[in-house]
Amino acid sequence: MKILVLAEINNGELAEDQTSKTVSAAATLGKVDVLCASNQCSDASTNIAKMENVENVLVLENELFAQSLAESYSETLIDTLKSYSHVFAPSSSFGKNILPRIGGMLDVMVISDVSKVISEDTFERPVYAGNAIQTVQSIDKLKLISVRTSNYSAVPSTGSANIKKIDCKGNNSLTTFVENKMQTSDRPELTSAKVVVSGGRGVGSKENFEIIEGLADKLGAAVGASRAAVDSGFAPNDWQVGQTGKVVAPDLYVAVGISGAIQHLAGMKDSKVIVAINKDEEAPIFQVADFGLVDDLFKAVPEIEKKI
Amino acid sequence: MKILVPVKRVLDYNVKARVKADGSGIDLANVKMSMNPFDEIALEEAIRIKEKGNAEEIIAVSIGVQQNQETLRTALAMGADRAILVVATDDVHNDIEPLTVANILASIALKEGPSLILCGKQAIDNDFNATAQMLSAKLKWSQATFASEIDVKEDILRVTREVDGGLQTIDAKMPAVVSVDLRLNEPRYASLPNIMKAKRKPLEEVNPADLGVEITQRLKVIKTKEPDSREAGLILENIDQLVEKIQENVGG
Ligand SMILES: Cc1cc2nc3c(=O)[nH]c(=O)nc-3n(C[C@H](O)[C@H](O)[C@H](O)COP(=O)(O)OP(=O)(O)OC[C@H]3O[C@@H](n4cnc5c(N)ncnc54)[C@H](O)[C@@H]3O)c2cc1C
């Protein structure tokens with residue numbers, strides 16, 4: 001067994017939480033190597049080298065990898081992969097974009113969204129928006145695994161791995177990067193925050209969403225949203241929580257004006273404590289909430305913010 | 001150009017999946033099945049591209065059981081020009097893996113020569129999020145996943161992608177495989193006259209063997225179980241109680 005983890009690095013910046021939790025999942029099988037491919041690798045590789053259970057950090061620095069475009073990244077990887085039996089990546093938009101492409105190139109079925117590594121060939125993963133958990137066994141020689149990072153804790157920074165530069169050819173004549181419109185925020189990252197406050201269609205408008213953001217800031221929380229809130233333009237796409245958005249498992253999840261559709265629950269029902277505020281006492285969100293308040297959010301949320 | 005749109009027949013998104021008592025899978029007997037919502041969005045986009053004069057023909061493909069015909073008739077009623085049904089199994093519980101689906105679609109693509117394949121980003125049953133990427137690799141075509149905007153500019157597609165940090169725009173050379181996300185468009189409903197017309201549109205049936213593809217299963221499903229369930233908790237009387245609970249759980 002030889003295990004490789006793909007570090008998620010966006011334009012030189014390490015997605016530390018995602019990468020560390022992926023290392024944590026992979027390390028249930030043994031020590032791991034981590035591939036650090038980006039345009040700038042020095043900060044990222046230093047951080048990765050400290051992650052426990054990492055043996056080698058393979059550094060591949062090239063402008064080509066700045067945006068982790070699928071074609072260049074996977075082509076490069078094919079070379080590096082040959083000696084590995086397992087390749088793990090976070091089940092983020094980075095991992096979901098790249099791993100299946102590698103699978104297609106090598107005729108290997110990808111094992112997406114793994115919530116538990118059981119053994120070297122057996123894994124658990126949620127299906128049907130988390131309404132069922134499947135145990136699957138892979139017969140492929142190479143295992144390509146994307147990890148549902150909300151199920152794992154980050155590894156401690158007590159390691160001291162070797163950093164090795166590697167060289168690979170890579171090119172991409174198929175796609176070119178045009179621009180990024182990334183959200184910047186001083187708030188904690190949605191997928192790693194200890195507290196998340198989310199708003200739904202009930203919030204009513206983009207302006208009203210400030211009520212949600214106000215409470216979030218008071219609690220030092222990240223802000224989330226339902227699909228309906230994102231579709232209606234109240235909130236940006238990267239705030240969407242759910243089956244097809246982000247999966248979160250904070251200590252505390254506060255759902256405001258969200259009905260609790262299965263697709264939304266899929267993204268937050270592993271939270272430790274769920275609080276729901278909804279004016280409809282029949283709303284399905286109350287069936288999963290630990291604490292519920294049946295009230296108008298426009299009255300309740302500002303008052304809660306004031307009292308905390 | 002031609003556009004190929006694969007459409008999957010899945011448990012309707014409004015129906016709660018029930019795990020079979022023997023743990024062998026999800027019960028799909030006598031439940032409402034529909035087109036995968038993401039595939040509807042892909043098909044809608046193909047129709048809009050054609051309506052703008054940027055495509056001549058839309059071919060819908062479905063892979064699975066004989067009943068997938070219904071899904072293809074829906075696709076034809078929405079606006080696909082013709083359909084191909086690949087009968088890959090006779091048991092609706094036998095989910096064809098994305099890798100095999102990609103092999104089948106690649107074979108059809110080589111025969112039909114589309115410039116664009118528009119896929120849903122994931123099927124809401126197995127939630128793999130893999131077919132488009134695998135297909136694009138098999139064909140060695142450009143790949144643009146999670147699209148929320150597609151602009152056709154001669155032989156290049158400008159695609160805006162929904163990524164974790166926000167939005168990313170890339171140019172993809174055609175032929176390309178694109179997977180679509182929720183915010184790309186809102187699919188239309190088929191009108192009654194179009195449903196009638198769809199009955200006369202061509203629907204061809206083929207077998208995987210005709211396409212030179214073997215149905216394999218690389219992931220053996222050993223067990224399917226219910227997730228840990230959550231109990232409904234307390235409905236609180238007033239805001240002060242809620243403030244207390246929030247403060248207790250925010251931690252240090
Ligand atoms: C393929 C597919 C994928 C999907 N993926 C996702 C996903 O990833 N994430 C997701 O969230 N959804 C997803 N959905 C959508 C999902 O099915 C629901 O439509 C959506 O979650 C509903 O959002 P909502 O709860 O904000 O809106 P609604 O269901 O409209 O609920 C609004 C709630 O607000 C309450 N409310 C209104 N006004 C007030 C007020 N003044 N005070 C208090 N409460 C109030 C109402 O009582 C109601 O319960 C998906 C759907 C499909 C088909």
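The paragraphs below take up chain B, the cavities, the ligand and a few loop residues in turn.

The model is predicted. Chain B has 252 residues, and buried residues make up 57% of them. Its secondary structure consists of six helices and 13 strands. Along the principal axes, the C-alpha atoms of chain B fill a box of roughly 65 × 45 × 40 Å.

Empty space inside the protein comes next. Rolling a probe the size of a water molecule over the atoms shows where such space is left. The count comes to four cavities of 30 Å³ or more. The largest cavity has a volume of about 510 Å³. It is lined by 35 residues, and the closest to its centre are Lys96(A), Thr244(A), Gly245(A), Lys246(A) and Asp164(B). By class, the lining of the largest cavity holds 16 polar, 11 charged and eight nonpolar residues.

The second largest cavity contains about 100 Å³ of space. Of the 13 residues that line it, Tyr128(A), Ile262(A), Tyr13(B), Val15(B) and Ile124(B) lie nearest its centre. The lining of the second largest cavity divides into eight nonpolar, three polar and two charged residues.

The ligand is surrounded by 29 residues, the closest being Arg201(A), Ser226(A), Gln240(A), Ser259(A) and Asn278(A). The site is shared between chains, because residues from chains A and B surround the ligand. At least two residues of the shell come from each of helix H6 (227–231), helix H7 (262–265) and helix H8 (297–307) of chain A, and from helix H1 (37–51) of chain B. The shell around the ligand comprises 13 polar, 10 nonpolar and six charged residues.

Individual atom pairs give more detail on the ligand site. A polar side-chain atom of Ser259(A) lies 2.6 Å from an oxygen atom of the ligand. Gly257(A) places a backbone N or O atom 3.0 Å from an oxygen atom of the ligand. Thr244(A) has a polar side-chain atom 2.9 Å from a nitrogen atom of the ligand. Taken alone the ligand exposes 990 Å², and the protein buries 86% of that. Thr244(A) is also one of the residues closest to the centre of the largest cavity.

Tyr128(A), already named in the lining of the second largest cavity, has a positive phi of about 50° although it is not a glycine. It lies in the loop between E9 and strand E10 (132–138) of chain A. Tyr128(A) counts as buried because its relative accessibility is 13%, under the 20% cut-off. Ala129(A) has its place in the loop between E9 and E10 of chain A. Ala129(A) has a positive phi of about 55°, and it is not a glycine either. With a relative accessible area of 6%, Ala129(A) is buried.

Chain B has a backbone feature of its own. A cis peptide bond joins Met174(B) and Pro175(B), with omega about 0°. Met174(B) lies in the loop between strand E9 (166–173) and strand E10 (176–180) of chain B, and Pro175(B) lies in the loop between E9 and E10 of chain B. Met174(B) is buried, at a relative accessible area of 15%. Met174(B) and Leu116(B) are 58 residues apart in sequence, but their C-alpha atoms are 6.8 Å apart in space.

Notes:
Residues numbered from 1 in each chain as written. Chains lettered and ligands numbered in written order. Predicted model: local features only at pLDDT ≥ 70, side-chain atom pairs only at ≥ 80, totals over all residues. Heavy atoms only, no water. 1 Å grid on protein atoms, 1.4 Å probe; cavity = no way out; pocket = protein on both sides within 12 Å on 5 of 7 lines; lining within 4 Å. Points joined across faces, edges and corners; volume = space filled by probe spheres on them. Nonpolar A, V, L, I, M, F, W, Y, C, P; charged D, E, K, R; others polar. Near = heavy atom within 4 Å. Polar contact = N/O pair within 3.5 Å; in protein donor to acceptor, adjacent residues only side chain to side chain. Areas by Shrake-Rupley, 256 points an atom, 1.4 Å probe, with all protein chains shown as cover. Helix = DSSP H or I, 4+ residues; strand = E, 2+ residues; numbered from the N terminus. Buried < 20%, exposed > 50% of the residue type's maximum accessible area, 1.4 Å probe, protein only.
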